[in-house]
Amino acid sequence: MAVEIIALIERKYGQKILEEMNSFPGVLQIFNAAGRSDDLFDNKQFGTFGEAAIVTIVANDKQKEKIFDKVFNLCDLKNKNNGIILMTKSQLKLSKSTKK
């Protein structure tokens, strides 16, 4: 079983998470996309909008708490309003396609 951990955070943390978590035990896949948000961040580079990173991690169910905590700490969410992190229930099944 696997879970998805989704972080909508300030842009500068997206690359940091990607680099730190890419080889972290239990991380099966990781994706980073960019966007903008008008309500999540204190730092707004574009008037009412701030640059955002949307990081999606597909994680092994057994490691999900460690991975979630690591992302939480990398983004310093305990001390700053840098975004939010969500985790799905353990219900995803992953399979690799084999093209022949």
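Helices and strands are taken here as DSSP runs, numbered from the N terminus. With that naming in hand, helix α2 is followed by Asp 76, a residue whose phi is positive, near 55°.

The chain contains two helices and four strands. Along the sequence these elements follow the pattern β-α-β-β-α-β. Confidence in the prediction averages a pLDDT of 82 over the chain, and 75% of the residues score at least 70. Among the elements, α2 has the highest mean pLDDT, 95, while β2 has the lowest, 85. Of the 100 residues in the chain, 33% count as buried. The accessible surface comes to about 6,700 Å², and carbon and sulfur atoms contribute 48% of that area. Contacts also reach across the sequence: among those with a separation of 6 or more, 72% join residues 24 or more positions apart.

In α1, the buried residues are Tyr 13, Gly 14, Ile 17 and Met 21. These residues lie on the same side of α1 because they cover an arc of only 115° around the axis. Lys 12 and Glu 19, on the other side of α1, are exposed. Helix α2, which spans residues 64-74, has Ile 67, Phe 68, Val 71 and Leu 74 as its buried residues. Their arc around the axis is only 130°, so they too share one side of α2. The other side of α2 carries Lys 66 and Asn 73, which are exposed.

What do the buried faces join? The largest nonpolar core has 20 residues, and those touching the most other members are Ile 5, Ile 9, Ile 17, Met 21, Val 55, Ile 57 and Val 71. At least two residues of this core come from each of β1 (2-10), α1 (11-21), β2 (27-37), β3 (50-60) and α2. In soluble globular proteins, nonpolar side chains tend to be buried together.

Beyond its neighbours within four places in sequence, Ile 5 contacts Val 55, Thr 56, Ile 57, Ala 59, Lys 64, Ile 67, Phe 68, Ile 85, Leu 86 and Met 87. Ala 59 has a relative accessibility of 0% and so counts as buried. With neighbours within four places set aside, Ala 59 is in contact with Met 1, Ala 2, Val 3, Ile 5, Gly 26, Leu 28 and Ile 67. The C-alpha atoms of Ala 59 and Gln 29 are separated by 7.1 Å, although the two residues are 30 apart along the chain.

Another partner of Ile 5, Met 87, is in strand β4. With a relative accessible area of 30%, Met 87 is partly exposed. Apart from residues up to four places away in sequence, Met 87 touches Val 3, Glu 4, Ile 5, Lys 64, Glu 65 and Phe 68. Met 87 and Glu 4 are 83 residues apart along the chain, yet their C-alpha atoms are separated by 5.7 Å.

Two salt bridges are counted in the model. Lys 64 forms one with Asp 61, and the closest N and O atoms are 3.2 Å apart. Lys 64 is partly exposed at 22% relative accessibility, and Asp 61 is partly exposed at 24%. Lys 80 forms a salt bridge with Asp 76, where the closest N and O atoms are 4.0 Å apart. Lys 80 is partly exposed, with a relative accessible area of 45%.

This brings the tour back to Asp 76. The residue is found in the loop between α2 and β4 (83-87), and its relative accessibility of 23% makes it partly exposed. Most residues other than glycine have a negative phi. Asp 76 is not glycine, yet its phi is positive, near 55°.

Key
Residues are numbered from 1 along each chain as its sequence is written. This is a predicted model: local features need pLDDT of at least 70, side-chain atom pairs count only at pLDDT 80 or more; totals for chains, interfaces and linings use all residues. Side-chain values use heavy atoms; hydrogens and water are left out. Buried means under 20% relative accessible area, exposed over 50%, partly exposed in between (1.4 Å probe, protein chains only). The arc is that of the directions from the helix axis to the C-beta atoms. A nonpolar core is a set of buried Ala, Val, Leu, Ile, Met, Phe, Trp, Tyr and Cys residues joined through side-chain atoms within 4.5 Å. Contact means heavy atoms within 4.5 Å. Accessible areas come from the Shrake-Rupley method with a 1.4 Å probe; for residues, only the protein chains shown count as cover. pLDDT is the predictor's confidence in each residue, from 0 to 100. A salt bridge is a side-chain nitrogen of Lys or Arg within 4 Å of a carboxyl oxygen of Asp or Glu.
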